Structures are given as structure tokens and as C-alpha cells.
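Welcome! Take a moment to look over the protein shown here, and then we will walk through its features topic by topic.

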Amino acid sequence: MTKSLNISESAAVQMPMKTVVSLIILVAMGVFAYTELTSRLVSLETSRELFTNDLLKKSEQVPVDQEQLFLLEDLYKSVEQIETRIEDMMHNKVNIQFLQKNQEKVLADLEALKDKVRANGNGTSH
């Protein structure tokens, strides 16, 4: 029932040249497609790894960046408070200078009154 197939080294195979060229082209296209597909997969895997590494680095930096932002906000608040205090001190300086001038005028007037009292001879009390 079954026929056995006897193939030996001397067996000859005949194939049209068109079929041989087609097979060679088909194999070459398959090899080219395989290398292109492999190259694309390697490229995508590399991109994914780089993206993952960048994402990990950024996720590690976020707490540091947030801490720096909090520190900057605190520094701005401190600077605003210091500026307010400096402005208040400037007003105090003006007020102190005004009071010093008034005090000097009062002392000068008091000395003038003492001189008048002494000149009248009423400087001593009995």
C-alpha cells in the first residue's frame, strides 16, 4: 500500500530556473524581514529601557524637588518678614530722630528759662 521513497546521492532533481530564482528571492525576503523585525524589537526594547530609567530618575528627584520648593517658599516668607521689619525700623528711626530734635529743643528752652530766672534773681527758693 505504501510506496517507499528511495533517495540516494545520485538521485537527480529537476526544477525550472524560474522556481529556483523565486525560492532564492523568497528566502532572501524572509531573512531581510526577520532582521528588520529583530532590529525593530531591539530598538523598541532599548527605548523602553531608557524611558524606564529616565522615569525612575525623575521619580527619585521629585521628593528632592518638592523639598527644594518648600524651602524656597519658606525663604520667601522669611524675606518678606525681614523686609517688613526693616520698613518698621526705618519708620522708628524717623520717629526717634524727630523725638531727639524735640528733646534738644525742649532742653534748650529749659536752659533759656533757667537763665531768665537766674537773671531775675529768683533762682533760689526760701
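How many residues apart are Asp115 and Arg118, and in which helix do both lie? They are 3 residues apart in helix 1, about one turn of the helix. Keep in mind as you read that this is a predicted model.

**Overall form**

- The secondary structure of the protein comes to 1 helix and 0 strands.
- The radius of gyration is 52 Å, well over the 14 Å that the globule rule gives for 126 residues, so the protein is more spread out than a compact globule.
- If you draw a box around the C-alpha atoms along the principal axes, it comes to roughly 165 × 30 × 20 Å.
- Helix 1 covers residues 17-120.

**Surface and burial**

- Of the 126 residues in the protein, 0% are buried; to count as buried, a residue needs a relative accessible area under 20%.
- The protein exposes about 12600 Å², and carbon and sulfur atoms supply 62% of this area.

**Salt bridges**

- Side chains of opposite charge can pair when their charged atoms come close.
- A search of the whole structure finds 3 salt bridges, and you can look at each in turn.
- One joins Asp115 to Arg118, with the closest N and O atoms 3.5 Å apart. Asp115 is partly exposed at 44% relative accessibility, whereas Arg118 is exposed, with a relative accessible area of 54%.
- Another salt bridge links the side chains of Glu111 and Lys114, at 3.8 Å from N to O. Glu111 and Lys114 are 3 residues apart in helix 1, so about one helical turn separates them. Glu111 is partly exposed at 40% relative accessibility, and Lys114 is partly exposed at 36%.
- Glu49 and Arg48 also meet in a salt bridge through their side chains, at 3.8 Å from N to O. Glu49 is partly exposed, with a relative accessible area of 40%.

**Charges**

- The protein carries 14 positive and 18 negative side chains. The centres of these two sets lie 4 Å apart.
- Which residues gather in a patch of negative charge on the surface? They are Glu80, Glu83, Glu87 and Asp88. Glu80, one of the four, lies in helix 1.

**A nonpolar patch**

- Val13, Met15, Leu23 and Leu26 form a nonpolar patch on the surface. Together they have about 420 Å² of accessible area.
- Where is Val13 found? Val13 sits in the segment before helix 1.
- Val13 is exposed, with a relative accessible area of 70%.

**After the helix**

- Gly121 has its place in the segment after helix 1.
- Gly121 is exposed, with a relative accessible area of 54%.

Notes. Residues are numbered from 1 along each chain as its sequence is written. This is a predicted model: local features need pLDDT of at least 70, side-chain atom pairs count only at pLDDT 80 or more; totals for chains, interfaces and linings use all residues. Side-chain values use heavy atoms; hydrogens and water are left out. A salt bridge is a side-chain nitrogen of Lys or Arg within 4 Å of a carboxyl oxygen of Asp or Glu. Buried means under 20% relative accessible area, exposed over 50%, partly exposed in between (1.4 Å probe, protein chains only). Helices (H or I, at least four residues) and strands (E, at least two) are DSSP runs, numbered from the N terminus. The radius of gyration is taken over C-alpha atoms; the globule rule is 2.2 Å times the number of residues to the power 0.38. Accessible areas come from the Shrake-Rupley method with a 1.4 Å probe; for residues, only the protein chains shown count as cover. Lys and Arg count as positive and Asp and Glu as negative; His and the chain ends are not counted. The place of a charge is taken as NZ of Lys, CZ of Arg, CG of Asp or CD of Glu. Patches are made of residues with over 30% relative accessible area and no salt bridge: like charges are joined within 9 Å, nonpolar side chains (Val, Leu, Ile, Met, Phe, Trp, Tyr) within 5 Å.
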